[in-house]
Amino acid sequence: MFKQKKKYSVFVTRAIPEAGLQLLRKHANVRVWNQTSPIPGKELYREAARADGLFTLLTEKIDKKFLRANKHLKIVANYAVGFDNIDVPAATALGIPVTNTPGVLNEAVAEHALTLMCAISRRIVEADRYVRSGKYHSWQSMLFLGADFFGKNLGIVGLGRIGISLARRAAQGLGMKILYTDPRPNREFERHYDAEFVKLPELLRRSDFVSLHVPLLPSTRHLISAKQFAMMKPTAYLINTSRGPVVDEKALVRALKKRLIAGAAIDVFEKEPRLAPGLTKLDNIILTPHIASATVTARDNMSLVAAQSILDVFSGHRPKSLVDPAVWRKFLAARPVS
Ligand code: DGY
């Protein structure tokens with residue numbers, strides 16, 4: 001392992017929690033793009049050229065061209081568990097480690113998925129608007145009837161850490177039956193939560209709530225499109241806190257307009273931050289601006305994990321959350337121990 005001889009420099013592509021910045025500043029020279037909108041490409045190239053490590057957000061497109069132009073980078077630390085904004089194979093080929101922030105946001109994202117389930121099925125946003133607009137004149141037996149959870153089927157698409165956190169809440173807290181789909185069954189999970197492994201079409205046919213927890217891959221792009229909406233119950237709700245392009249947003253608008261499903265609550269969008277035409281006109285959808293992990297605790301911890309990964313690499317230690325562990329050998333070979 002090599003010792004950190006000099007003070008390396010880190011470029012942080014947007015304001016992040018102080019926790020991560022303080023840690024970085026103890027050991028490195030830190031520059032931050034302190035604006036609310038994403039850094040323009042030209043500026044990013046300029047800043048990256050003089051940085052040893054990059055602390056990126058999911059809004060930064062770190063593609064092959066960028067990586068080739070910045071071969072000197074010792075690390076790209078993404079402040080997210082998802083890393084579809086980074087060309088990881090290209091980074092590995094160049095010996096640049098890419099890290100993410102798994103583990104510290106599971107509970108926050110699962111809680112947001114659950115919040116969306118509650119809000120859409122109990123029509124909270126619609127009801128709030130109704131009261132604010134002065135329409136509430138008297139109690140009515142049929143006002144804002146919604147759907148309940150107890151005994152209903154929750155279909156979890158993608159059984160990673162977040163899917164499991166949501167299942168725990170739904171099975172143990174709400175008395176829901178868990179169906180799940182994933183490339184492989186998880187028998188221990190099934191025993192623990194009395195869950196059932198099914199293929200996606202069966203999950204869609206049987207679920208009252210469908211919650212998406214898959215990474216964005218070529219195989220998951222438009223995983224939910226017109227064909228899949230047609231399989232769902234007309235009383236079902238779709239929840240998406242994963243990545244926008246997992247759902248065909250135009251097909252979602254059509255399905256909601258035609259009431260093929262009862263509703264949807266989504267935190268992510270296909271062409272973020274742009275929305276598919278018609279989405280905001282619908283009353284059976286709730287939209288949040290990619291905030292599923294936005295709790296103070298989760299975001300502090302995400303900033304600490306990403307900062308620590310950078311410092312680990314600077315001091316020659318293998319960071320815990322390497323997206324592609326195969327890069328490490330290459331990294332050490334390209335930057336020999338000194
Ligand atoms: C992630 O971590 O991938 C989220 O989308 C942002 O927290």
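Q: Is glycine 175 buried, exposed or something in between, and what is its relative accessible area?
A: Glycine 175 is partly exposed, at a relative accessible area of 27%. Buried stands for under 20% relative accessible area and exposed for over 50%, with partly exposed in between, using a 1.4 Å probe and protein chains only.

Q: What kind of model is this, and how are the residues numbered?
A: The model is predicted, and local features need pLDDT of at least 70, side-chain atom pairs count only at pLDDT 80 or more, while totals for chains, interfaces and linings use all residues. Residues are numbered from 1 along each chain as its sequence is written, and side-chain values use heavy atoms, with hydrogens and water left out.

Q: Back to glycine 175: where does it sit?
A: Glycine 175 is placed in the loop between helix H7 (161–174) and strand E7 (177–181). Helices (H or I, at least four residues) and strands (E, at least two) are DSSP runs, numbered from the N terminus.

Q: Which residues is glycine 175 in contact with?
A: Setting aside neighbours within four places in sequence, glycine 175 is in contact with Phe149, Phe150, Gly151 and Ala170. Contact here means heavy atoms within 4.5 Å.

Q: And what separates glycine 175 from aspartate 194?
A: Their C-alpha atoms are separated by 11 Å, and the two residues are 19 residues apart along the chain.

Q: New topic. How many salt bridges does the rule count?
A: The count comes to 17 salt bridges. A salt bridge is a side-chain nitrogen of Lys or Arg within 4 Å of a carboxyl oxygen of Asp or Glu.

Q: Which residues are linked in a network of salt bridges?
A: Glu107, Glu111, Arg168 and Arg169 are linked in such a network.

Q: What does aspartate 148 meet in a salt bridge?
A: The side chain of aspartate 148 meets that of lysine 152, at 3.1 Å from N to O. Aspartate 148 is partly exposed, at 48% relative accessibility, and lysine 152 is also partly exposed, at 23%.

Q: Where are glutamate 196 and arginine 206, the pair that links distant parts of the chain?
A: Glutamate 196 and arginine 206 meet in a salt bridge of 2.9 Å, N to O. Glutamate 196 is in strand E8 (residues 196–197) and arginine 206 in helix H9 (residues 200–206), ten residues apart. Glutamate 196 is partly exposed, with a relative accessible area of 27%, and arginine 206 is partly exposed as well, with 26%.

Q: What about aspartate 283 and arginine 259: what is their N to O distance?
A: The side chains of aspartate 283 and arginine 259 meet in a salt bridge at 3.0 Å, N to O. Aspartate 283 lies in the loop between strand E11 (263–266) and strand E12 (285–287), and arginine 259 in the loop between helix H11 (249–257) and E11, so the pair ties together parts that are 24 residues apart in sequence. Aspartate 283 counts as partly exposed at 41% relative accessibility, and arginine 259 counts as partly exposed at 47%.

Q: Now the domains: what does the domain assignment give?
A: It gives domain 1 (8–104 + 295–334) and domain 2 (106–287), with bounds that come from an automatic or database domain assignment. The C-alpha centres of domain 1 and domain 2 lie 32 Å apart. Nine residues from domain 1 and five residues from domain 2 take part in the contact.

Q: How much area do domain 1 and domain 2 bury between them?
A: They bury about 570 Å², 52% of it on carbon and sulfur atoms. Buried area is the accessible area (1.4 Å probe) that two parts lose on being put together, summed over both.

Q: How many salt bridges does the rule find across the interface of domain 1 and domain 2?
A: The rule finds one salt bridge across that interface. On the side of domain 1 that touches domain 2, the residues divide into five nonpolar, three polar and one charged. Ala, Val, Leu, Ile, Met, Phe, Trp, Tyr, Cys and Pro count as nonpolar, Asp, Glu, Lys and Arg as charged, and the others, Gly among them, as polar.

Q: Last one: is serine 309 buried or exposed?
A: Serine 309 counts as buried, at 3% relative accessibility. Serine 309 is found in helix H12 (residues 296–314) and touches Ile75, Thr99, Pro319 and Ser321, not counting residues up to four places away in sequence.
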